[in-house]
Amino acid sequence: MLTTTPPPPKSGQVTTGPPVSPAKARLGWLDALRGIAALTVMVSHYIEFMLPQAWTVLGRYFVPGTFGVLLFFMVSGYIIPASLERRGSVRGFWLSRLFRLYPLTLVSIGLGLLFVGLGWQTRSLAAITPALAQHPTTTVLANATMLQDLLGGANMVPVMWTLSYEMVFYCLVSALFAAGLHRRSGQISLGFAGLALLSLAVVPPLCFSTSYPGSRVAILVSFGVFVVGIGCMVSRRVPRAVGAVLVGGLVLTLVVLNGRLAPWYSMVILATMFSGTALYRAEQGQVSRRVTAALCIPVVLISVAIGTRYGGDRSGAVSATISWPWVFGILAVWGLFTAGMLLRNRAMPGPLSWLGRISFSVYMLHVVMLSAVLWLMRRLHVVPLHLQLWEQLLWLLGPCAVVLAVSQLTYQYVEMPMQRLGRRVSERADRRWGSDVRP
């Protein structure tokens, strides 16, 4: 969801796998998967409002949004560790993440605030104004770490809850790399799946953030530990293990004890991401494919089994029936990702590759744009249930086309320039303080 294919390693950098041929440098199959994920998340949110009858039927068996988000997570799991390990630089990795995530996130927050100021507010942007008005400092700090969904803070843009889990994964990957344990991805994935079973309905969400004072303390302490921990990992004077313990301990504590999601749900997300990493290692020949299969198959089975009892309910409530959307979503993610790996040496369709390139913009902007569309429908007194099918499709496809067009602009004029700036900043940091790459 939040990744770009890493550039080839510079001279003198440490690599941990075989060299990547130029033909594979772009990893087009991952772009195709990202494009599918972004499209399904956007269409899922728009169908819910524009085609309510279809959503009622579809939602019984398959929720495209759940599928798309889990697919994003798996793609991140595959490529993020590769990005870090090819660089061999924790500092370079975090600078790339900084310039990859934050500029577009600020643009989406700015658009949200603009729409609220214009009176275009809907429930999708309802959290922005009161959070900033009542607790401006802690709201900004929580979102600055992108761990706000694990700190009881408001998501400035609703879809930012997934960025909290992306950030947790970045922290864990960095900590494991700093501690020299990054090759054990399959075992870690299975471990998180086991924790998902152990945590079922045992630990309530938001242990530290049941009230504002508790949330405020959690945010301030976490912000400090986060900054110090990352600083230790990129420093040449402090052992990386110190930063690894601080950052890894922080995010694991938050995920288990203070997330809005039920702990089992968070564990399944992390198990899915580390499964993607395990598949990368198997594809690179770093780990036996047979061993990888033996570790990943139980992860799939556990993820599906949880859905049969808890119905995919993020709050952890027990369900009397099987949640087919959850089951089919998990199986579809694994099936499509496997198909992508099997086709990885083939050229991907141009439209899917393009969607993959603008996927982060599509993901971050579509909910904000949805708020404007729903406001316009209210002003025009448009009720989807009262429209004919072709009119509903126009209200669905038209806004989606606008989101794609705007996303192309933000990709071209925000994402790419900021990524280039990030590379220049990283190079300048290496020249000034020396490279942090260590054998």
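**Burial, core and salt bridges in a predicted chain**

Me: What share of the 439 residues counts as buried?
Reply: Of the chain's 439 residues, 54% count as buried, where buried means under 20% relative accessible area, exposed means over 50% and partly exposed lies in between, with a 1.4 Å probe and protein chains only. This is a predicted model, in which local features need pLDDT of at least 70 and side-chain atom pairs count only at pLDDT 80 or more, while totals for chains, interfaces and linings use all residues. Residues are numbered from 1 along each chain as its sequence is written, and side-chain values use heavy atoms, with hydrogens and water left out.

Me: Which residues touch the most other members of the largest nonpolar core?
Reply: That core has 123 residues, and Leu30, Tyr46, Trp94, Leu147, Met167, Trp264 and Phe337 touch the most other members; a nonpolar core here is a set of buried Ala, Val, Leu, Ile, Met, Phe, Trp, Tyr and Cys residues joined through side-chain atoms within 4.5 Å. Helix H7 (residues 161-179) contributes the largest share of this core, 14 residues.

Me: What is Met167 in contact with?
Reply: Leaving aside neighbours within four places in sequence, Met167 contacts Trp94, Leu101, Tyr102, Thr145, Met146, Leu147 and Phe226.

Me: Switching to H14, which residues there are buried, and what do they pack against?
Reply: In helix H14 (residues 350-357), Ser353, Leu355 and Gly356 are buried. Seen down the axis of H14, the buried residues fall within an arc of 160°, so they line one face of the helix; the arc is that of the directions from the helix axis to the C-beta atoms. The buried residues of H14 pack against helix H1 (28-50), helix H15 (359-379) and helix H16 (389-433).

Me: How many salt bridges are there?
Reply: The count comes to six, a salt bridge being a side-chain nitrogen of Lys or Arg within 4 Å of a carboxyl oxygen of Asp or Glu. One of them joins the side chains of Arg34 and Asp31 at 2.7 Å, N to O, and both residues are buried. Arg34 and Asp31 are three residues apart in helix H1, and so are separated by about one helical turn.

Me: Which parts does the Arg100 and Glu415 pair tie together?
Reply: The closest N and O atoms of Arg100 and Glu415 are 2.3 Å apart in their salt bridge. Arg100 lies in helix H4 (residues 90-117) and Glu415 in helix H16, so the pair ties together parts that are 315 residues apart in sequence. Arg100 and Glu415 are both buried.

Me: Where do Arg344 and Glu283 sit?
Reply: Arg344 forms a salt bridge with Glu283, with the closest N and O atoms 3.1 Å apart. Arg344 is in the loop between helix H13 (324-342) and H14, whereas Glu283 is in helix H11 (residues 263-283), 61 residues apart. Arg344 is partly exposed, at a relative accessible area of 24%, while Glu283 is buried, at 16%.

Notes: Helix = DSSP H or I, 4+ residues; strand = E, 2+ residues; numbered from the N terminus. Contact = heavy atoms within 4.5 Å.
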